[in-house]
Amino acid sequence: MKLCHDERRYPRSCEGLRRLFAVLLVLALVLTTAFTLAACNDDKGQGVSPEQERTEAVGLFERNVLAAFNEKWLPDMTDDEIAKLDAPGDHVEAQLWTDVIVGILYDSSLQTAKIRLAAEFVASEDGKRLLLDARVNADAVMELIAEVGFTSEDVSELGFAALRAVADRTDDVYTALVERLNKIKNKVESAGFNNIGEAVERAERIKESLKGEETIAQTVAALDEAEEGIKLLFGFAYDFEQTVGTGSSGSGLASILQSISTGGSGALSGISDADAFVWLSGVVEGIARFGDEMTEEKAASVKRALASVRECFDGFAQPLEIVRDLTEWLGYAESAVGEIGLMTDYLTAMAVPLYDKDEKGEYTYDLVCKLKSLAAEKDNALSEVNMLLLLSEAAYSFMNEVSAAQLKAEFERIAAEGDRQKNMLLYFFVLMLSVYGGEQVEYSSDVTAMIVALLGEWSDVLFENAWREYVLAPDEVSESRLRRMSGSVLNMVELLNKALTENGEEPVEITVGADGDANGEYTEEWRAELARIADECMKRASSFAGAPLPSVAVDVISEKLDEAYADMGELAALGDMGYITDAASEDAEKVRELAENNAAVKMMVLILGVLFSH
Amino acid sequence: MTLWLALKNLKAKPLRTLASVLAISVCVAMFFCMFSFESAVYEYVFAVETADQGDSDIMIAAKSGGNRIISVAPLREVEGVEKVAATVSLYALAERGDEPGEYVRLRGFEDGDVEALRAVELAEGELPVKSDDVIVSRAAAEHFGWRTGGVITVRKLTSVGGTVNFYIKGIAENTGYFLSDSPYTVLGNASAMSSVMISGTTVYNEVYVTVSEGADISEVRERIAAMQEYRDHTVSECVDLDHISTRARNLAAPVTIAGAAVALLCLVGVALVFTSGTRDRRAYAAKLALVGATKKRLLGMFFVESAAICVVGAAIGMGLAVGIFALMLRIVLSSTLSFSVNAGLLVAAAAVGGAVAFGASLYPLARVFRASARENLVGAPDKGRLGAVLTSLLAAVTLVTLLIENLVPGGKGALSAVNLVLVIACAAAAAPRLVRLTGRVMTKTNAPSVVATGYSAARERRASGSAQILAVGMSVSMLLFTAWSLTTSVFSGLTAEFERMVLVTNVASDVDENEFTALDGVDKAELMVWRQVSVSSPEMDAATFNLLGSSGALELADFAYLTPREDVIAALAEGKAVLDESVRELYGVDVGDTVTLDIDGQIGELEVGGIVRHELFNGSYVIVSAEALADAFGLSPDTVVVIASSDAADTAEMIRAHFADRNYYTVPALEAYEWDTKSLENVFDLIAALAFMLTALAFAVALANVFAGRAYASVTRSTLLGAGLSKNALLGAETLEHTVSAACAFIFALPASALAAMCLIHALRMFGLYFGFMYNAVAAVAAGLVVAAVYALIPVLFGFRRGYGMRRS
């Protein structure tokens, strides 16, 4: 481009134009670069820090949880706003507990996006329904957890944190509740006023039923010491539930087996026997690994912590039903945790047929074939006979790995421990053996004592529930129920006292009545005294027959074990039977006969029935 | 003194010096690219092919018709095994809000150890911590709009359905595992990813084994394959060097040859730039001789001058080489590719380029020293016949070598590459001769401007020089344009065949094809084996071929039957193999010969039953019936090839939705081979770019020659104007001169480009590529005519008329 036709004539203007052009060019270059950099600079999401995002997510969770309970409830409402609610007391209580949960979520290692997803799920219709159900229903809790997509790591972490918070913060929560409600009481009118009053009274009663600060501190310390073990327990329980649970929360072993059987659907449908073997052995190895990880030391610390939790909450009127269910479950776990190693060994012993090899040393996959066929079986008669066949095989395998002497020794050890839950289990087992055996039931004094012990335990549980309901909502109905339950307990004691007297023994002293204490009031002291009487009754019942009742139970069980092991030879031929396809065949008849007459098979059916009864 | 004179001379002709340096540096850069490109492509293809397995030696994977999940514990006890990395690999649909879901590959590692096979280069975030944490690539994040802290929701592959969420912990660069990243890969923990398929326990379906140092990989592989746990799995060595070599060669060959063409042109350009300065040099040499400079001193001075240009050009070329090399790699392969420069090759390219350029620069000196000082001073033309003799000799040699190439068996290959150069050299040598002859004829006419043109053409170096440059430039650019249009039309034809094809892999070997044909939008569905195998024969070294394992493969594409179709069908039914024509042409394998197939260590021999022709996989395919594969290799079909009635993408989407609960990987065929097709497209685009660049370069050199030559002709123009020739007539004369040069160049360039195309196609055999002879005359003529037309109009376009005026000599 010629800007100047004659540079000789117009040197200065040419030079000036060149400079102007150069400046414009540089300016254009700078602006283009700036625009390009700005366009390339992706600021999306950079403006919000991870902490802010997490705060927003938990805030959303809190908002949606409260809204699920009552659409008028919002977080951080002012006193005036709360005063206008229909149930201000319920709101404040829900807010305080939600704050605890939200705090747990924020401090956890849960991904922020997961918290947000949980918040969004809780806002949905399904989420609201499950959340409301989850207050009273453990299955709903599991379903809620599964729907949100919590992993077993999450469950371990949150479960432990929640347990610790319940132990550590319950007192603070109800203290804060009382303070807050007292503050806004004067602003509330009519129905709301009553609600506040009731809430304050309830909170006071709950606080009264709590143990002292020292007990709580000890419980928290024990929990902290057993943190790793408790998390391991929670994680395994969740995984096990997902694997073998039949509730809507889990995939269920049956549905998994169906999906891998011929004719099933899904990514692993119709997979080979070898694949099914790999999967099943993975499950068995997972159970064995859990047993190895739960060392004696860990189990002992877990047991101590759970015992501490039990003591801490003994007599506590737990307002949250789901927490009550959890502590009840923890009570069973306390008894069982020491046996985890043993149980996992026994389970893997039963799984030995899975690893069956032929003469060449190669896997036969017989058990896998049978499982797959069973999963796909539509004929109920065939299902039943083949299930019995499998149980028989499992029983034989177990008995091959574990001798009668070993089993008896374990039962004797359990009986000597004096663990109340385990003793109940022993008694229950004996009763079931007696009933299921098809023999004439002889109600000997031993059996009677066991029945009494079991009934007593049952009554005790019912009494504790009635006490809790009364503390939480003392009215005519709950009072009446409490009276009835305490009456049942006292009736059991009187029954036992009659028997003791007839035997020339000192009866258990009854110092309280079903109508309350000397003033006709139902107090914590009255409850504690009644509990002491019931406990003494249990102990005296165990010596009623002249020998510790658990030992008596073990003797009965040992006798049955001897019978079972004596019949072991009958089970040996079962391994050669393939999958039975004719319910009227000789093999099928043989299996049914065994199931009816063989002690080992009967015991196996019983044990598995007990284990998977829920 | 000599040095000072040489440098002074260089400074006196800055344009020429710059042009020479530029031509030499481009030449050096192209040499370096030619030397290095294939090895760089090989490294890249190696990295892509080993992206999944890192440094592992053996891979154990699910096998169609065999077992799907793998037991890991027994492997750790095998002798010779050092390390075992167990993974689960699944294809699942990632939800995208309201848009249809898109396939991603989930890859879960044992205990979440995503760096078990190779390191991960994080761009942001961290490696996975929790079991449902994942990392994705930058490309995937951009495509899906994912970010660190975000969620990926995938649909389960179970009968009950549902979804699983994964949480993005980090975003990685597109290197390592994510180098090819197609489909987009999500890395995480095997336990969480297994849950997409089944719950209860973690399962693995791809296990990588690293063998201990000193242990024999194939022995360990055989040991593992013999174990009961792995008998029904695929146990193969991770790295197939033959396949990698084949892929690298296919990609590198066209670029290497195009690069050679550019380098050649640059060398010619260097020679021509120096040649165009012959008159100045002669005059300068004469003046120096007159003041007492000896021949030795003159030679020394010119040597120093040439050396200085060559050294500077080579040095700049070394720097330019890296940039051009990087650009070529990024265009052809990947924008995220990182590469290393082999310093030895760089120096070698500089040395070779510099030396060859130095040699080319010395050619005009022969002219200087052959003439006397007086002849040099007045610029007397060379009346010798040496040029004519050399041209005839060159033509004779070229004819002989062409005959040998086409008539003697085995003549095609390296000789073709030599003939490619000779043919173009012939055109370059003959074009100036025709210009001079035409000029002499034109002087016999009556029209003044024609006569003036004739004299210019016959006597001036300018016109013949331009014709020579144009002949080379036109030949090469016409060749490249032809190659571009042919390859893209072949490629377009090939992609058109694949446009309606959908591949469904990961299917069970007994899947019912009718399940697919029953769907709307599906015309045909063929269950077959679709994988890569190694094929060899006594005549042919092992090479990687694509196995089309079904007789129905003949219906998938429009094959040309060199063996009658009925015979081909009968051969397949008898368990024989069918190969492409290229195998016969390249290696002499024909019907009745025996070929050996190696499929994951299983070796079998098949008789060749027929020859067909198609551009599929560049001819590297073998068709065998499914029954023959089952009998000879125990191989079961693993892919359903679906022909869609309309859009392949829509059909693929519909198939995915219909079979959402199965671990199928459904993808349009073009997308499955996206890396290859995109790379080839990039290569073709590169060739097109080179074609345009070369054309422009040739044109620029010719233009420089025009302007350099015009400077000397200003006296002649003044004389003509003074003699009464009008400016318009003078312009007409110059335009006519340009037309003559262009026309003469075109006359030789057109047949030269056709012959060069034939030589190029034959030369590709050196790379194992076979194509039938194709020549797009339209593209060649069009390219040539455009160059010729623009060259002819230069006097008009550049306003030569404005510069006409009386000048003193």
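**Exercise 1. Count the residue pairs in polar contact between domain 1 and domain 2 of chain A, then describe the domain 1 side.**

Solution.
- Step 1. Five residue pairs, both residues at pLDDT 80 or more, are in polar contact between domain 1 and domain 2 of chain A. A polar contact is a pair of N or O atoms within 3.5 Å; within protein, one must be able to donate a hydrogen and the other to accept it, and residues adjacent in sequence count only if both atoms are side-chain atoms.
- Step 2. On the domain 1 side, α4 (88-107), α7 (138-148), α8 (152-184) and α9 (190-209) of chain A each give two or more residues. Helices are DSSP runs (H or I, at least four residues), numbered from the N terminus.
- Step 3. α8(A) gives the largest share, 13 residues.

This is a predicted model: local features need pLDDT of at least 70, side-chain atom pairs count only at pLDDT 80 or more, and totals for chains, interfaces and linings use all residues. Residues are numbered from 1 along each chain as its sequence is written, chains are lettered from A and ligands numbered from 1 in the order written, and side-chain values use heavy atoms, without hydrogens and water.

**Exercise 2. Find the salt bridge across the interface of domain 1 and domain 2 of chain A.**

Solution.
- Step 1. Apply the rule: a side-chain nitrogen of Lys or Arg within 4 Å of a carboxyl oxygen of Asp or Glu.
- Step 2. A:Arg164 and A:Asp224 pair up at 2.6 Å, N to O.

**Exercise 3. State the salt bridge and polar contact counts between domain 1 and domain 2 of chain B.**

Solution.
- Step 1. Salt bridges: zero.
- Step 2. Polar contact: one residue pair, both at pLDDT 80 or more.
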